[in-house]
Amino acid sequence: MREPMILIDHPLVQHKVALLRDVNTSTKEFKEVVSELAMMMCYEATRDLTTEEAEVQTPLATAKARVLSGRKLAFVPILRAGLGMVDGMLAMVPAARVGHIGLYRDPETLEPVEYYCKLPSDISERDVILLDPMLATGGSACDAVSLLRKRGAKNIKFIGIIAAPEGLARLRSEWPDVQIYLAALDERLNDHGYIMPGLGDAGDRIFGTK
Ligand code: PRP
Ligand code: URA
């Protein structure tokens, strides 16, 4: 049985989440740490990749080794903040293809508004890892999964850095087949839909806007 949600409590992951939360962390460092976290979380989220036996010639002899086999991967960041996770993911799996889903939250209704979607043409044949550092109300992640499903994606995982209980509950209830990887589960949402204590606006902190 697959765990519906995996909270990654590795000390390095926790340390880096603390750096992201810190209001004094610069844009440059924030972006670097998001990428490093993505790299570490990718390691966990790809634990179930299949391998096959291969022979490799070392400088000394022939070695039996194991190499990746089976289904191919697609990484799909939700714009903008998910973009900050792509390089870290690709550092681990350079052969993965990258799709993009553009969504922003309407500041009044908090409902996601779609403005872009470009996915690999063979998305239905790939295992998809959806990327967004923040799972707040869960609206953006649920819409992104819906877009992916409509285009034929079957096996979808979600990697987020911080979630609110509300967003986690919504994603689990609307899309129970999506396995969720998180580095932190926070206390609640505030009246503006921000995760508390959270880290503020992830997109603004990655791209230095605001
Ligand atoms: C943020 C974040 C998520 C979304 C989460 O993006 O990166 O995509 O909010 O909130 P939700 O779970 O309530 O949908 P935002 O809408 O601020 O857009 P941006 O990344 O373009 O700034
Ligand atoms: N989006 C963010 O970037 N931060 C939050 O706390 C909630 C949504």
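This report describes the nonpolar cores of a predicted model and the surroundings of one of its ligands.

## Basis of the model

Residues are numbered from 1 along each chain as its sequence is written, while chains are lettered from A and ligands numbered from 1 in the order in which they are written. Because the model is predicted, local features need pLDDT of at least 70 and side-chain atom pairs count only at pLDDT 80 or more, whereas totals for chains, interfaces and linings use all residues, and side-chain values use heavy atoms, with hydrogens and water left out.

## Nonpolar cores

A nonpolar core is a set of buried Ala, Val, Leu, Ile, Met, Phe, Trp, Tyr and Cys residues joined through side-chain atoms within 4.5 Å, where buried means under 20% relative accessible area (1.4 Å probe, protein chains only). The largest such core has 36 residues, and Ile159 and Ile161 have the most contacts inside it. Among the elements that give two or more residues to this core are helix 1 (11–21), helix 2 (27–45) and strand 4 (72–79), and helix 2 provides the largest share, 8 residues; helices (H or I, at least four residues) and strands (E, at least two) are DSSP runs numbered from the N terminus.

Leaving aside residues up to four places away in sequence, Ile159 touches several residues, including Met41, Met89, Leu131 and Tyr181, with contact meaning heavy atoms within 4.5 Å. Another core, of 26 residues, lies apart from the largest one and includes Met5 and Ala163.

## Surroundings of ligand 2

The residues around ligand 2 include Arg105, Met134, Tyr194 and Asp201, each having a heavy atom within 4 Å of the ligand. Oxygen atoms of ligand 2 lie 2.8 Å from a backbone N or O atom of Ile195 and 2.8 Å from a polar backbone atom of Ala202.

Technical notes: Buried < 20%, exposed > 50% of the residue type's maximum accessible area, 1.4 Å probe, protein only. Polar contact = N/O pair within 3.5 Å; in protein donor to acceptor, adjacent residues only side chain to side chain.
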